[in-house]
Amino acid sequence: MPAQDDLASACLALRHNLHLENTTILNATYISEPANVPTPGSCQTYAYVSDPLCRVQFVVNTTLTSSVYAEAWLPDVWYGHSLGLGNGGVGGCIYYSDMQYTSNLHFAVVALDNGHDGYTGEYFLNNPEAVIEKQIVQAYYGQSHDKSYFLGCSTGGRQGTQAALMFPGDFDGIVAGSPATDWNHLLGWGGMMQRYVGAPDPSTSATFIPPHLWNVIADEVLNQCDMLDGVKDGIITEPDDCHFRPDVIRCTRTRTTNCLSDAQVGVLRKIYRPLYDPAGRLLYPQYDPGTEADGNAQSTFSGSITGPTADWYRNTILNDTSYDFSDFGLRHIALADRINPGGVSTSSGNLSAFMKRGGKFVTYHGRRDPAIPLGSSKRMYNLIAKTLRLTSLDSFYRLFLIPGRISLEGPRVRGWVHDRAMR
């Protein structure tokens with residue numbers, strides 16, 4: 001390994017000596033000891049760096065009117081592996097904790113902001129990180145990487161899937177956690193869930209279910225389905241085996257509290273079954289029984305359409321920031337299918353090119369994911385198997401299903417999957 005002084009000099013030289021197409025190097029800083037370093041934008045103020053590394057901050061102009069901000073963290077102790085990191089939702093936040101964790105594992109890491117700052121906004125598809133990352137690594141270490149990986153969850157998982165589909169030569173291995181594939185249908189499904197409970201004005205809706213009743217529902221779901229695997233542990237191992245019967249907690253003359261009205265029972269039947277279009281075609285899987293026990297999951301049924309669904313349909317599909325979702329329905333999902341900006345849907349199963357070049361593709365999905373139903377990853381796995389006409393995908397593609405877990409639980413969960421699947 002080169003001396004620290006030599007690495008520091010090489011890092012600082014990148015400010016002036018690194019010339020990449022459509023790219024401006026904003027800064028190159030050598031961090032010699034543990035420190036909290038300032039970060040740009042609104043997502044967070046500081047990021048922690050534990051081990052010596054070179055931090056390169058740069059902007060890539062993707063079109064005449066748009067650009068992305070990105071960072072490369074290049075550790076002193078490097079084992080020849082590069083890693084690209086994904087994003088979440090429609091946000092433009094770099095996950096600095098993931099950069100810290102993975103650079104500490106001796107990866108040269110690159111992450112970007114999706115072309116905008118903050119947790120909300122318009123989504124940008126085409127990520128230039130794979131190409132830029134290779135050039136920065138070559139310039140700093142004086143050699144190219146041996147292996148290049150991608151790691152992401154939710155939108156990051158979708159980005160990884162799209163990379164394997166569209167740019168099969170970019171990465172040798174991809175870990176795609178709870179991938180937000182079938183993007184337009186996922187966000188449309190989220191809108192439909194809120195509409196079921198009365199969004200955008202639940203105060204006038206007989207189908208609205210207040211938070212305290214979701215606790216009652218969660219208890220009854222566990223009562224009916226916890227023992228399906230033979231173990232009473234507060235976990236539903238396979239949500240698809242749970243056929244929840246909400247009638248059990250319907251209000252009666254003798255039960256008038258902590259119970260459901262006929263309208264609420266009816267809407268639960270909709271929630272716990274897949275979403276179909278008017279022709280009977282499956283649009284999206286069911287909401288998974290067991291996830292309603294999570295407090296964050298209950299925000300799915302707050303009666304207010306916000307977050308990625310609101311941002312995507314208002315800003316990108318309808319181009320109407322004043323749209324209030326009072327008439328949101330299946331026709332809006334169909335419109336998103338027709339527009340499908342930049343092919344963002346990510347609903348193809350043709351991984352043949354990635355498979356043939358020796359790529360390894362790993363997905364994982366928590367069986368208690370409140371944002372993306374487990375059935376989404378199962379559908380993608382089956383679609384790839386059907387498209388490639390293979391009875392087993394194990395030689396290049398593995399899907400890990402994790403009982404009792406949500407999916408976005410930090411880089412160490414993703415690292416656990418990576419360690420076991422990429423050996």
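Start with helix H5, residues 183-196, and helix H9, residues 330-339: their axes come within 9 Å and cross at roughly 165°. A word on terms. Helices (H or I, at least four residues) and strands (E, at least two) are DSSP runs, numbered from the N terminus. Axes are lines fitted to C-alpha atoms, for helices over the stretch in contact, and angles run from 0 to 180 degrees between N-to-C directions.

Before going on, the ground rules. This is a predicted model, where local features need pLDDT of at least 70, side-chain atom pairs count only at pLDDT 80 or more, and totals for chains, interfaces and linings use all residues. Residues are numbered from 1 along each chain as its sequence is written, and side-chain values use heavy atoms, with hydrogens and water left out.

Back to the pair. H5 and H9 are therefore roughly antiparallel to each other. Angles under 35 degrees count as roughly parallel, over 145 as roughly antiparallel, 65 to 115 as roughly perpendicular and the rest as oblique. The crossing of H5 and H9 is right-handed. That is, a crossing is left-handed if the near helix is turned anticlockwise from the far one by less than a right angle, and right-handed if clockwise.

Who makes the contact? On the H5 side, Asn184, His185, Gly188, Trp189 and Met192; on the H9 side, Leu330, Ile333, Ala336 and Asp337. Contact here means heavy atoms within 4.5 Å. By class, this H5 and H9 contact has five nonpolar, three polar and one charged residues. Ala, Val, Leu, Ile, Met, Phe, Trp, Tyr, Cys and Pro count as nonpolar, Asp, Glu, Lys and Arg as charged, and the others, Gly among them, as polar.

H5 has another partner. The axes of H5 and helix H8, residues 307-317, come within 9 Å and cross at roughly 120°. That crossing is left-handed. From H5 come Trp183, Asn184, Leu187, Gly188, Gly190 and Gly191, and they meet Pro308, Thr309, Trp312, Tyr313 and Ile317 of H8. The class count for H5 with H8 is six nonpolar, five polar and no charged residues.

Stay with H8. Its buried residues are Thr309, Ala310, Asp311, Trp312, Tyr313, Thr316 and Ile317. Buried means under 20% relative accessible area, exposed over 50%, partly exposed in between (1.4 Å probe, protein chains only). What covers them includes H5 and H9.

Now the backbone. Most residues other than glycine have a negative phi, and most peptide bonds are trans. Here are some exceptions. After H8 comes Asn319, with a positive phi near 55°. Asp182 also has a positive phi, near 55°. Asp182 sits in the loop between strand E9 (173-177) and H5. At 12% relative accessibility, Asp182 counts as buried. Then there is Asn340, with phi near 35°. Its place is the loop between H9 and H10. Buried or partly exposed? Asn340 counts as partly exposed, at 23% relative accessibility. And the peptide bond from Ala199 to Pro200 is cis, with omega near 10°. Pro200 lies in the loop between H5 and helix H6 (211-225).

Next, helix H11, residues 374-388. Its 15 residues, at 1.5 Å a residue, should span 21 Å, and its end C-alpha atoms are 22 Å apart, which agrees. The expected span is 1.5 Å times one less than the number of residues. Buried residues in H11 include Leu374, Met380, Ile384 and Leu388. The buried residues of H11 pack against strand E11 (282-284), helix H10 (352-356), strand E12 (360-366) and strand E13 (397-402). Just after H11, Arg389 takes a positive phi of about 55°.

Helix H2, residues 96-103, is quick. Seven of its eight residues are buried, so H2 is largely enclosed by the rest of the structure.

Val59 is in strand E4, residues 53-61. Val59 is buried, at 19% relative accessible area. Beyond four places in sequence, Val59 touches Asn22, Thr23, Thr24, Leu26, Ser67, Val68 and Tyr69. His81 lies in strand E6, residues 81-85. At 25%, His81 is partly exposed. How far is His81 from Ser144 in space? They are 63 residues apart in sequence and 9.1 Å apart in space, C-alpha to C-alpha.
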